[in-house]
Amino acid sequence: MDPFQFKNKEMSKQDCLELFENDAILFDTLKAADSVRNDLCGNDVTYILNANINFTNVCSGSCQFCAFKVAKNSPSAFFLTPEQVGRKACDAKMAGAMEVCVQGGLLPEIDTHFQVEILKSIRAQTNPIGGISIHAFSPMEVFAAAENAGLDLKTALIMLKEAGLDSIPGTAAEILVDDVRKTLCPDKISADNWEKVIKTAHKTGIPTTCTIMYGHIEENKDRVEHLFRLKRIQEETGGFTEFIPLTFLHENTPLIKKGLVESGASGLTDLKMYAIPRLLFKEKLPNIQVSWVKLGTKFSQVGLCSGANDFGGTLMEENISRAAGSKYGSSMTQQKIENCIRQIGRVPKLRNTQYKIMEETGTKNPIQTY
């Protein structure tokens with residue numbers, strides 16, 4: 001098989017599976033993906049000044065890949081009030097952030113009304129100093145909160161949008177194959193319900209990202225099914241702003257402790273997860289993001305030469321990957337991001353959540369903690 005044929009040809013599921021399974025054509029696949037990336041995005045590599053805010057690490061879920069959640073009575077448990085979340089968002093804005101990503105656990109007391117209060121608090125505290133883009137609540141969080149509030153999805157999403165929600169992170173997708181989800185995340189919404197939240201959000205005027213978490217118990221055929229579902233949704237709604245492959249960090253997770261996995265993905269698999277989606281999505285979903293917090297800066301640079309065109313963001317605080325065993329830090333300055341991009345001969349471009357290229361703004365060195 002010649003991977004370069006997919007520059008101008010639609011890929012079938014069988015084609016996609018062969019690209020995953022045929023290591024003999026790996027480097028041709030990477031070259032073809034990088035060529036498509038260059039055609040679509042040129043020499044630019046985008047990034048954003050952003051901050052993560054986890055409002056609680058307490059969760060009723062039983063995801064086997066998660067090392068972040070703790071019991072309610074744990075000494076390390078925390079649960080921020082809406083006012084405290086707003087204060088952290090304000091601090092992030094003062095440190096140069098353009099976007100905050102807000103996520104938390106699943107609990108009966110977290111309903112749509114509580115999420116609305118978080119959004120209102122962020123707006124109230126950041127609007128006087130120029131405002132900030134709010135990227136918040138995974139499809140799982142939206143779905144569970146609506147159920148807790150006794151609301152239908154559309155009503156809940158309209159309430160969130162009116163309270164200030166700008167976009168939704170497309171996390172909680174993991175692998176969109178229910179047979180895998182039964183073991184991986186048995187308490188999470190089904191693949192169809194994840195899609196329902198995403199499509200309802202898009203139809204309500206709320207864009208989302210999309211993700212895949214790979215390198216655990218899934219097989220290549222499951223990755224193919226997941227990617228083709230994302231492609232179909234994008235063709236129907238056009239609401240995905242970016243695709244983010246998330247490599248499974250295994251060290252401290254239940255999956256490794258129970259002996260269900262021995263490790264995470266190989267480096268070759270990591271590169272395939274940038275290259276193959278690039279050849280599949282092409283112009284339908286032009287933005288593919290590397291996750292430096294999971295891969296490190298050097299391997300992220302290789303990812304940017306294998307189909308990806310976005311470096312992600314400064315993060316300022318990242319707890320979930322760190323809990324799972326990430327050794328690459330939880331914050332990166334704007335200057336370091338730009339240096340990483342320039343080192344591979346690319347041009348750094350500051351963007352907003354919607355991938356609009358921005359004039360240089362904020363500080364060159366957002367503070368490490370806030």
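Modeller: Let us start with the annotated sites. The UniProt record, in an unreviewed entry, gives the feature "binding site" for Ser138 and Ser291. UniProt positions follow the numbering used here, feature names are shortened, and annotations may be inferred rather than shown by experiment. This is a predicted model: local features need pLDDT of at least 70, side-chain atom pairs count only at pLDDT 80 or more, and totals for chains, interfaces and linings use all residues. Residues are numbered from 1 along each chain as its sequence is written, and side-chain values use heavy atoms, with hydrogens and water left out.

Biologist: Where does Ser138 lie, and is Ser138 buried or exposed?
Modeller: First the general idea. Buried means under 20% relative accessible area, exposed means over 50%, and partly exposed is in between (1.4 Å probe, protein chains only). Helices (H or I, at least four residues) and strands (E, at least two) are DSSP runs, numbered from the N terminus. Now the case. Ser138 sits in the loop between E4 and H5. Its relative accessible area is 5%, so Ser138 is buried.

Biologist: Which other positions does UniProt list as "binding site"?
Modeller: Phe65 and Glu174 carry that feature in the unreviewed entry. Glu174 is in the loop between helix H6 (153-163) and helix H7 (178-184). Glu174 counts as buried because its relative accessibility is 7%. The record also places "binding site", again from an unreviewed entry, at Cys59, Cys63 and Cys66. Of these, Cys59 belongs to the loop between strand E2 (50-54) and helix H3 (82-94).

Biologist: Which residues have a positive phi without being glycine?
Modeller: Phe137 is one of them, with phi near 65°. Phe137 is in the loop between E4 and helix H5 (139-149). At 0% relative accessibility, Phe137 is therefore buried. Ala172 is another non-glycine residue with positive phi, near 70°. Ala172 lies in the loop between H6 and H7. With a relative accessible area of 6%, Ala172 is buried too.

Biologist: Now strands. How many bridges join E3 to E4?
Modeller: Two strands pair if DSSP finds at least two bridges between them. Here strand E3 (residues 99-103) and E4 are joined by 4 bridges and run parallel. Glu99 stands opposite Ser133 in E4.

Biologist: Are the faces of E4 covered or open?
Modeller: Both faces of E4 (residues 133-136) are covered. Ser133 and His135 are buried on one side, Ile134 and Ala136 on the other.

Biologist: What unit do E3, H4 and E4 make?
Modeller: Picture the strands pointing away from you. A crossover is right-handed if the path from the first strand over the helix to the second runs clockwise. E3, helix H4 (residues 112-126) and E4 make a β-α-β unit that is right-handed.

Biologist: What is the strand order in the open sheet of 3 strands?
Modeller: The order is E7-E1-E8, with parallel pairing. Strand E7 (310-313) and strand E8 (347-350) are at the edges, each with a single partner strand, so one side of each has no neighbour in the sheet. On average, neighbouring strands of this sheet are turned by 25° against each other, direction ignored. Strand E1 (residues 44-48) is joined to E8 by 4 bridges, and the two run parallel. Val45 stands opposite Pro348 in E8.

Biologist: At what angle do the axes of H3 and H4 cross?
Modeller: Axes are lines fitted to C-alpha atoms, for helices over the stretch in contact, and angles run from 0 to 180 degrees between N-to-C directions. The axes of H3 and H4 cross at roughly 40° and come within 8 Å. Angles under 35 degrees count as roughly parallel, over 145 as roughly antiparallel, 65 to 115 as roughly perpendicular and the rest as oblique. H3 and H4 are therefore oblique to each other.

Biologist: In which hand does H3 pass H4?
Modeller: A crossing is left-handed if the near helix is turned anticlockwise from the far one by less than a right angle, and right-handed if clockwise. H3 passes H4 in a right-handed crossing.

Biologist: And how do H1 and H9 pack?
Modeller: H1 and helix H9 (residues 220-237) pack at about 130°, with their axes 9 Å apart. That angle makes H1 oblique to H9. The crossing of H1 past H9 is right-handed.
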